[in-house]
Amino acid sequence: MTLLKVENLSVTDLRNGERILHGLTFSLEPNSCLAIVGESGSGKSMTCKALLQLTNPWLEVKGSVYLHGKEIPKNNPNEMQKIRGKKISMILQDAMTAFDPLYTIGYQIEETLCTNLKMSKKAAQAMGIEAMNRMGIYDAKNVIKKYPHQLSGGMLQRCMIAIAMAIEPDIMIADEPTTALDAINQRDVVEQFELLQRTTGTAILFISHDLGVVQRLAQKVLVMKEGSCVEYGDANQIFRRPQNDYTRYLVETRMALSQPFRKIMDREEVEVVNVKSAECI
Amino acid sequence: MKYNKVAAMLLILALSFSIVACNTSTTETNNEAGEEQTQLVYASTKDIRDINPHTYSGEMAAQNMVFESLVINTEDGVEPWLAESWEISEDGKTYTFKLREDVKFTDGEIFDATAAKLNIDAVMNNYERHAWLELVNQIDYVDIVDDFTIDLVLKNPYYPTLSELALTRPFRFISPNCFIDDNTKNGVDGYIGTGPWILTEHRENQYAIFTANESYWGEKAKLKEVKWQVMPDHQTILLALEKGEIHLLFGADGDMIDLDSFKALENQGKYVTIMSQPIASRAILLNSNKEITGDIKVREALQYAVDKESIAEGILNGSETIADTLLSPTVTYCDIDLKKRTYDVDTASKLLDEAGWIIGNDGYRYKDGTKMEMTIYYNSDNSQERTISEYLQDNFKNIGVDLKIFGEEKQAFLDRQKTGDFDLQYSLSWGTPYDPQSYLSSWRIPAHGDYQAQVGLEEKAWLDGRIGKVMIETDEDKRQEMYQEILTYIHDASVYIPLTYSRTKAVHVPSLKGVDFNASQYEIPFEKMYF
Amino acid sequence: MRNYIIRRILLIIPILIGISFISFLLINLNPSDPAEVALRVNEIVPTDEAVTAMREELGLDKPFFQRYIIWLGNSLRLDFGNSYVNNKPVSGEILNALPATLYLAAVALIMTLGISMIAGILCAIFEDSIGDKITRGIIFVATAMPNFWVGLLLMWLFAVKLDLFPTSGMRGFTSVVLPATTLSLSYIAIYTRLIRNSMIQNKNENYILYGRIRGLGNWVIIKHILKNSIQSSITALGMSIPKLISGTVIVENIFAWPGIGRLCVSAIFNRDYPIIQAYIVMMATLFVVCNLLVDIFSAFLDPRIRRMT
């Protein structure tokens, strides 16, 4: 059964009648990775927000979203809140502003785990530490006592992923998780996603304008331009033989830019032993 | 969370405060309908403060409630009070008082010759402080003749002795037990008097409670209690009256209630509004010691420039009568023929022309290049004075004089009177029983505005001397003659522009009866009131 | 954190000394001779001998700095001399009047806190709703209305017409309601707007979005928004405490509340310098100390500030 089915998702700005998303249709199978690519401003983040019903109040969302075959109701905030975090999780692009600056990381992790998994604070703390260890944060006990402004972007990004992983959602949406990071951290994050997929079977909705990373992770790709779907289908197909002009243009320009990244990827793979190598493209 | 601790602390703080505040709440007498009302609530903008009868730091009306004198001033003259009778010696210098034998201070101490002498001596010990009252300068000593007889010996035959003894202060009697170090000038230890009221509770700046003296020697007060409630804001007083929280407003010049509110209350018909007989003189003081107003012609001209009718009608709402002379003809010795100066712009202009002040292009007068401008100072708290000043400004403009008006807060206003740094200022005489003798007597004291305004007069020295003489003149006719001389001189010198004769006002709830006025505008006869 | 506090406390000492010096200087710059004033206030004619005698009595014949040191020493022992008007010790007069003002200020503060928080939060949650618009309108009007007018209006409506409260005086709990309301009205207006705007701003922050993504419930989200919004309000609120205490004059006058506001005003009218001086020093000290406490509290709340200390 299709894990997630989106039919005709559209978003209109009620203030001026402007259409932001035009009837998107796509689906996500369990244990797979769908990448949504496009330029900045093409509506990728908007799509995710629309899915999670977190758009601004002056935006009207139309269309249907089916999770596990059941439609997600539009006017039931309680229902949606239960789905968020537990069933569908999301990782934001800017990790540094994603956490409340007045609370420790540990508190916020506990808070999330307790809400979604109904466990005691102690258990949540233990789970959080374990998740962070798995993410490669070995000094977890000290890290949880720190405030967001005391940690680096990469560390925070990893915490976000750790939280998501600990909850083991059905779907994980990753909104440009690598864009704000440097190359080394980017690689780490990508590997974490691969790990996640392998170990928990979580389906990933990967948003990026970085085709290099997408190529590595995704099985299916949705290309967006100005709020509309331009091309949708198998990843390899689209990259090797893009049907649409725009897609072609994207692929060619971006590939040119991502070349150096690929080179590093290849080189690192040879030298570092611990990192599991995913399927080579 | 840490928040909870902070919130808890704040809450505890608030609660403890409310407990403190509740404990400081008063003993309210709740009078339900039907129950007989025995407490009168009187509102004043001032606290009673220190009502030591021998000093000036308390409210006179309060001092009057607790302390009494040998004699009292009435419409018909001086009447016996704590002294049942007296005799004046041939030479007018010795007053022998026979004291009542049934008077006790409220601490049980008998009011006898000893107590009387101690009190008078205590007042004399603070001589400099009382120098404004000529009687103090005239007293030589007090002798005890027997238990209830004293001899008051003067240096000169000072005729106003009796009426000055009756004044609210300083010659009133406090129990000798309250003296501190055998004196009262540095304070007293308690306020024990012989009067119809006893001060039983005093919360500073909040209220004071006076309870009726059950063992009073005379006609006891009909009410059980008077609560002197302090409310600094006039509007608050009016609202409290409307709500029924207070029963009585009583006031002299603009202090407690201004004329517009009085008129409004009068028209409303819900309360009883009454006014006394004309009591004091309202006038404008012209400084004879200043450049421009020092010219007698100028002062005379200004006399004709004021439209008193309009002031009396428009500003004072017709509640006061116009004054043509400084002291009303109804005041003793003041029924003399003096030249009336009515509103006459032409005469005023003519006089100024003669004085050399010529009208310039801008409508104002000039002399040798100097513009004719002068400043009038008024108490900024008193809206009546401001309106009158503005009116004068207009009047003066008509004759080419630029009058600048300047409102100052009370202390600055009073300071100015003492230094003489003014062209024009407000003057309110003290009213009966101070007029005319005590008022005139004060003209000789440099710290008073009247002195400062008169000091530029050619004959000031003569005037002061004359005033001193008239006080000790024994012959009634001669006295009248001298008063005529003095008042005529002052009138001709045009140092005062008399405006109106003021009246004390009272407003009270209809259920309160017996509200009347004493001879002195500063006293409130609470003992005559009842519900 | 501890070091921060200690450092700040040490810094206060020179500030307080400076304040005491400036206020002493200001009073002494007054053109009138304090000895003369002291006599005049009691209506004693200031003859030359009397003035000289009074100068000696008040210790005014000594040089400026010596007088300052003596005064400072006395002040530290809370001995501010005696009032010119009634010769009673100033500290006694002030201590008598202080509780009334503190009481009024405390109630006003609690009212302000309570109402502005609730109103601010509600307005932010229901942003742009009818309720929000009405509340903002009321706030606008309330800020524009002057204290004394509002006070009398409330008195007329609630004390006279509806007979719910006494018009004036400090008696029991009901009498503090109207004056405290009058006092807090303008502050409520300011803080409601402050909290509302702050919350709306924080509502749109990334971490709130992430919080909802994480599946946090509405109340938890509000808690997060609130804690971040309080920050800016705390400083303003903290500084309003000394303002509340020193700014009660008008309200105290109208409602016949026997506090230090009234005391100070009559001291000014009477030229009662010792009281005025003590009042200035007290209030200035209060401001400085409150400032410190607010800063410490801010650091306590916001770890980023703590970090910088």
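**View 1. The two domains of chain A and the separation of their centres.** Taken over C-alpha atoms, the centres of domain 1 and domain 2 of chain A are separated by 25 Å. The structure is a predicted model, in which local features need pLDDT of at least 70 and side-chain atom pairs count only at pLDDT 80 or more, while totals for chains, interfaces and linings use all residues. Residues are numbered from 1 along each chain as its sequence is written, and chains are lettered from A and ligands numbered from 1 in the order in which they are written. Domain 1 of chain A comprises 1-87 + 171-244, and domain 2 of chain A comprises 100-168; these bounds come from an automatic or database domain assignment.

**View 2. The contact between domain 1 and domain 2 of chain A.** Each of these domains of chain A contributes 13 residues to the contact, two residues being in contact if their C-beta atoms, placed from the backbone, lie within 7 Å. On the domain 1 side, α2 (77-86) and α7 (183-200) of chain A are the elements that give two or more residues. Helices are DSSP runs (H or I, at least four residues), numbered from the N terminus. The most is given by α7(A), with six residues. By class, this side of domain 1 has six nonpolar, five polar and two charged residues. Here Ala, Val, Leu, Ile, Met, Phe, Trp, Tyr, Cys and Pro count as nonpolar, Asp, Glu, Lys and Arg as charged, and the others, Gly among them, as polar.

**View 3. The contact between chain A and chain C.** Chain A supplies 21 residues and chain C supplies 19 residues. On the side of chain A, two or more residues come from each of α2 and α3 (105-117) of chain A. This side of chain A divides into nine nonpolar, seven polar and five charged residues.

**View 4. The contact between chain C and chain B.** The contact takes 35 residues from chain C and 39 residues from chain B. Elements giving two or more residues to the chain C side are α5 (90-125), α7 (147-161), α11 (249-254) and α12 (260-269) of chain C. The largest share of that side, six residues, belongs to α5(C). The chain C side has 21 nonpolar, eight polar and six charged residues.

**View 5. The surroundings of C:Leu104.** Not counting residues up to four places away in sequence, C:Leu104 touches C:Val176, C:Pro179, C:Ala180, C:Leu183, C:Thr248, C:Trp257 and C:Gly259.
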